[in-house]
Amino acid sequence: MRGYLARKTLVYGLTFVVAVTLNWLIPRLMPGDPVQRMVARAAVQHPETIASMTDYYERTFGLDLPVWQQYLNYWAALFRGDLGTSVWLFPAPVSQVVLDAVPYTLGIMIPAILLSWVVGNSVGAMAARSRWLDNVALPIGYLITAMPYMWLAILLAWGFGVALGWFPVAGGYDFGLVPQWSWSFALDLLQHWVLPFLSLFLVALGGWAIGMRNLIIYELESDYSNYLAALGAPKRLIRKYAFRNAMLPQITGLALQLGTILGGALVTEIVFAYPGLGRLVLSAIQNQDFFLLQGTLLFVVIGVLLANFVIDIVYVLVDPRTRTGLTGATA
Amino acid sequence: MALAVNDLKVWYRTRRGDVKALDGVTFEVADGEIMGIAGESGCGKTTLGKALIRLDTRMKHVGGTVVLDDDELPLADDAAMRRHRYREVSLIPQYAMSAMNPTRKIGRMIRDLLSAHNVRYTEVLPELERRLKLVGLETDVLGRYPIELSGGMKQRVVLVLSTLLNPSLLIGDEVTSALDVSSQKAVARALVEFRDHGFVKSMIVITHDISVLFQVADTILVMYAGHLAEKAPAKTIISAPLHPYTKMLIGALPKVGDRYEEQQLEGIEGRPPSLLEPPAGCRFRDRCPLAHDKCAEAPPFREVSEGHHVACWAVS
């Protein structure tokens, strides 16, 4: 187990380095020059002023240094928790901007991912044993899982927001409110949270339910299920075993999903003008804000890596086959 | 008598009609008897084994009765049958290699199964450990996962597990087919030993391998195309078979001392009839060298001498 942990840590460490490097590199390969943009924003005409402003900004962002030094500085600053200064929201530090947005994204993503996983697996397991439920749940599952996130998001925003008027359609909280610790603000947050959450939750739900149903049916046909049935084990025990074993691929699926759902979150946040990381990425790209883009993506990378690392460990704990596979059989 | 099967018919439902895999078989298995069932694939031997413990979803109990220790088994009623399984009828499956849940420790799985039968694991544990030692396993296998055991070890664990509650009847379906010859011998010996210790009252061992039956079985039942052909003590089946199919089956086995460079090992020409629309009369008729007009009528399965039953008009 210790060897396995060490190896996993090494792999994830390497992945992290590569991801951070790419993360640093990609904004620099984008067309356009953020300093020019900032200078242009100031709307000065005097060439000397322009030159000194350019000079000032380049020094502030460290863009006057050779590329390799920028890269090293980036790493050094990273360990101090310094992600640089935002160009778009100058002079706000990137770490502050990102940290402000993180709770909104996590607040939608974590419940959406975990709840859809839990509910989807339960529905799938139930569908596997009831023909009636199977006939109802399966087509609905296929339908919602095939929907693009943003399309469902727009439908929800139109249906529940515009047509029925039950929920607000934009923002993280009412524009008339100031963020504070109060019940009215919390309630307002919750109202704004419902639709973006629902759009991510529903799309993921169908996929989990279908996957679980198929896996359970496969497990119920397997040799160990037949043997238990022949030895008079009750259906409850056989289903329990089948469910437990069918969960294993679903745990892997969850890890994979954590990476891909971010794309969904990004689009969803844009549809609902939700102030999370997704919208930050879009604004950073639109404003050629290297540092903000880097900082946001860095959080995403760390999040996905952490989640996968946790799942890897959970997987080893729940499936003995991976354990022996990795350390060599003891028998 | 432990088991009495009377005119048992079990068919498979298919889209093209019913496949009459087991079409009226009648036989008895005595207390303490190990009966082997032999026959080529598709003869109904596995169907018979399954019918006695658990019909699968495609199988249909069409007629006939099975009486075990004076109790009629409710073959067609899965829920009612559950009470008889394990305690009275038990099974060693064809797939012993994958018969155990891969993600549960073996001891834990046995505990789960026993508690489903209202048996306390701790009460049975000393006997369980004793039997594991008897088949040459350490008791620490209970703390292992199935993947940590070799194929032969799994086979022996399954043997111990299946017979733990001392069933009246144990059905072994191709128990030795997936094993190498030395493991085959160990398992065959363990089966006989378990009967001798009284862990199992009687046994039905299903296999296509007659040489294994010769080591294990007291009597051998030969099946052909859903019907019984012959039942006799194992020695008689090997040395003095009466049914032409049994004769040809035994004749198809290689014998020690014969030189096969000089003579061809003889097989049986032709194939068994389709069980979708089986022909009336003796089903072996088309391949039988002794076939005559009378064979258009189904021959009765009758006793020709003490403990020797044959279904053939040519045998008097």
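Trp88(A) sits in a loop of chain A, between helix 4 (67-79) and helix 5 (94-127). The model is predicted.

**Trp88(A) and its surroundings**
- Trp88(A) has 20 other C-beta atoms within 10 Å, so Trp88(A) is buried; the cut-off for buried is 20 or more.
- Setting aside residues up to four places away in sequence, Trp88(A) touches Ser283(A), Ala284(A), Asn287(A), Asp289(A) and Leu292(A).

**Where chain B meets chain A**
- Contacts link 25 residues of chain B with 21 residues of chain A.
- On the chain B side, the elements that give two or more residues are strand 6 (89-92) and helix 3 (106-116).
- Helix 3 of chain B gives the most to that side, with three residues.
- By class, the chain B side holds 13 nonpolar, six polar and six charged residues.

**Helix 4 of chain B**
- Helix 4 of chain B covers residues 121-134, 14 residues in total.
- At 1.5 Å a residue, helix 4 of chain B should span 20 Å.
- Helix 4 of chain B bends by about 30° at Glu127(B).
- Gly136(B) follows helix 4 of chain B, and the phi of Gly136(B) is positive, near 85°.

Terms used. Residues are numbered from 1 along each chain as its sequence is written. Chains are lettered from A and ligands numbered from 1 in the order in which they are written. This is a predicted model: local features need pLDDT of at least 70, side-chain atom pairs count only at pLDDT 80 or more; totals for chains, interfaces and linings use all residues. Helices (H or I, at least four residues) and strands (E, at least two) are DSSP runs, numbered from the N terminus. A residue is buried if 20 or more other C-beta atoms lie within 10 Å of its own, exposed if 12 or fewer, and partly exposed in between; C-beta atoms are placed from the backbone. Two residues are in contact if their C-beta atoms, placed from the backbone, lie within 7 Å. Ala, Val, Leu, Ile, Met, Phe, Trp, Tyr, Cys and Pro count as nonpolar, Asp, Glu, Lys and Arg as charged, and the others, Gly among them, as polar. The expected span of a helix is 1.5 Å times one less than its number of residues. The bend at a residue is the angle between axes fitted to the seven residues ending there and the seven starting there.
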